[in-house]
Amino acid sequence: MLRKHPRVRLCGPDEPLVQSGDVLLLREDYLYDPRVLRGLLDAQEIALQDPRDGSIVAARLAAESLAGTPRLDGPALDDLRRVRPDTVASGLQAQLRKFDPPWVTRITEGEREHLEKSLFNGAYKGVTDFITRGVWPVPARWVTAWCVRLGLSPNQVTAASYVLAILAGYWFWQGQYGAGLIAGWIMTFLDTVDGKLARVTVTSTRFGNIFDHALDLVHPPIWYVAWGMGLGAAWGFDTPLATVLWIIFGGYVAGRLCEGAFKFAAPFSLFLWRPFDSLNRLVTARRNPNLLILTLAWALGADDVGLLLVALWTVVSTLVLGARVLWALLLRWRGADLQPWLSQIDLRAEGHRPIVRLFAPRSGLSDA
């Protein structure tokens, strides 16, 4: 992370220290939350303490005060303001839609497996659909580790997702729903892996983000249309198939617009606003819940019923999103300052509540 920062020049322990300017001293035997590193880079004259024992594990100070010797002890640190990870970084991670207290932790050989698992958990989204939260984490961690060992990049995994998304759509169009569902579910799994791989290897790029999210945005409605085309004469309802497909497509677009419109009320995701919204994200009519509906319908030999249920669930979900956005905009118009509920919880006092345990899990690195 620091290597990519435009204002940072890295120096090894045996290299001469710069004579002027600010320096950031870090212990080689510690692992640092990227949020903490960003907070240290933005601060001045501070010393970071390990919450476990109070030892100094990082410092941001003027190079002149070190007299050419980079040390995390001595008189140069006496006048620095003491801080902890949670005072230089926020626990709310808007991009990952979760709350996880910032951390630093010492690296030991005995803790290696625990650290690897915790780093992966820390890269996982908090508020998402129930399949991504409940089914994919363990196998995704295994596959992410394999990708690292094989030297695969996140963009290569995303490229494989593109191929599978196209194959799934083709097979749906041909009425070969079994093959299409297999390709579709593997694609949804890889869609989880590529983001985790990018975060744990610190290889996220702007292109990779666009490459991944473009696929996420475009392919779901194409799959539903392809499923409908594959039905052909098997459509057994009075409502025209074209009408159902337009309802699904329109509901999908409207739902996405609702999420975007919420930004006029608050600068964070709609699904972070209140606990209800986070729970709603578990089941709202996005790709994975809809794909599960289609899978169950196919297993029961009711392919047309599955598409109709997707249309109905899309309508219900979009109406819920629309109502939440209108309410948020009204509150904002009345002068309310909307805040994400995850930023207002006290883990020590409320950590026992089921909904807090569900959406604000500790990564394992913040248990100081």
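# Exercises on side-chain packing

Threonine 284 sits in the loop between helix H10 (275–283) and helix H11 (287–299). Keep in mind that you're working with a predicted model.

**Exercise 1.** Work out whether threonine 284 is buried or exposed, and list what it touches beyond its neighbours within four places in sequence.

*Solution.* Start with accessibility: threonine 284 comes in at 3% relative accessibility. The cut-off for buried is under 20%, so at 3% threonine 284 counts as buried. Next, the contacts. Skipping neighbours within four places in sequence, threonine 284 is in contact with Phe271, Pro289, Trp313, Ser317 and Leu321. Now take one of those partners, Phe271, and look at its ring face. Arginine 281 lies over the face of phenylalanine 271, 5.6 Å from the ring centre.

**Exercise 2.** Trace the salt bridges of aspartate 29. How many salt bridges are there in total?

*Solution.* The total is seven salt bridges. For aspartate 29, begin with arginine 27: their closest N and O atoms are 2.8 Å apart. Then go to arginine 106, whose side chain meets that of aspartate 29 at 3.2 Å, N to O. This second pair links distant parts of the chain, with aspartate 29 in the loop between strand E1 (22–26) and strand E2 (30–32), and arginine 106 in strand E8 (residues 104–106), 77 residues apart. As for accessibility, arginine 27 is partly exposed at 23%, aspartate 29 is partly exposed at 23%, and arginine 106 is partly exposed at 46%.

**Exercise 3.** Count the aromatic pairs, then describe the one formed by tyrosine 162 and phenylalanine 211.

*Solution.* The count comes to 14 aromatic pairs. Tyrosine 162 and phenylalanine 211 have ring centres 4.7 Å apart and planes at 15 degrees, which makes the pair stacked; the cut-off for stacked is under 30 degrees. Tyrosine 162 is in helix H6 (residues 154–173) and phenylalanine 211 in helix H8 (residues 206–231), so the pair ties together parts that are 49 residues apart in sequence. Tyrosine 162 itself is partly exposed, at 23% relative accessibility.

For contrast, take tryptophan 341 and phenylalanine 359. Their pair is edge-to-face, with 6.2 Å centre to centre and 90 degrees between the planes. Tryptophan 341 is in the loop between helix H12 (303–333) and helix H13 (347–350), phenylalanine 359 is in helix H14 (residues 354–359), and so the pair ties together parts that are 18 residues apart in sequence. Both tryptophan 341 and phenylalanine 359 are buried. One more step: look for a cluster, and you'll find ring pairs linking Phe172, Tyr177, Trp223 and Trp227.

**Exercise 4.** How many disulfides does a search of the whole structure find?

*Solution.* The search finds zero disulfides. As for burial among the cysteines, cysteine 147 is buried at 7% relative accessible area, and cysteine 258 is buried at 14% relative accessibility.

How values were computed:
Residues are numbered from 1 along each chain as its sequence is written. This is a predicted model: local features need pLDDT of at least 70, side-chain atom pairs count only at pLDDT 80 or more; totals for chains, interfaces and linings use all residues. Side-chain values use heavy atoms; hydrogens and water are left out. A disulfide is a pair of cysteine sulfur atoms within 2.5 Å. Buried means under 20% relative accessible area, exposed over 50%, partly exposed in between (1.4 Å probe, protein chains only). Rings of Phe, Tyr and Trp (its six-membered ring) pair if their centres lie within 6.5 Å; planes under 30 degrees apart count as stacked, over 60 as edge-to-face and the rest as tilted. Helices (H or I, at least four residues) and strands (E, at least two) are DSSP runs, numbered from the N terminus. A charge sits over a ring if NZ of Lys or CZ of Arg is within 6 Å of the ring centre and within 35 degrees of the ring normal. Contact means heavy atoms within 4.5 Å. A salt bridge is a side-chain nitrogen of Lys or Arg within 4 Å of a carboxyl oxygen of Asp or Glu.
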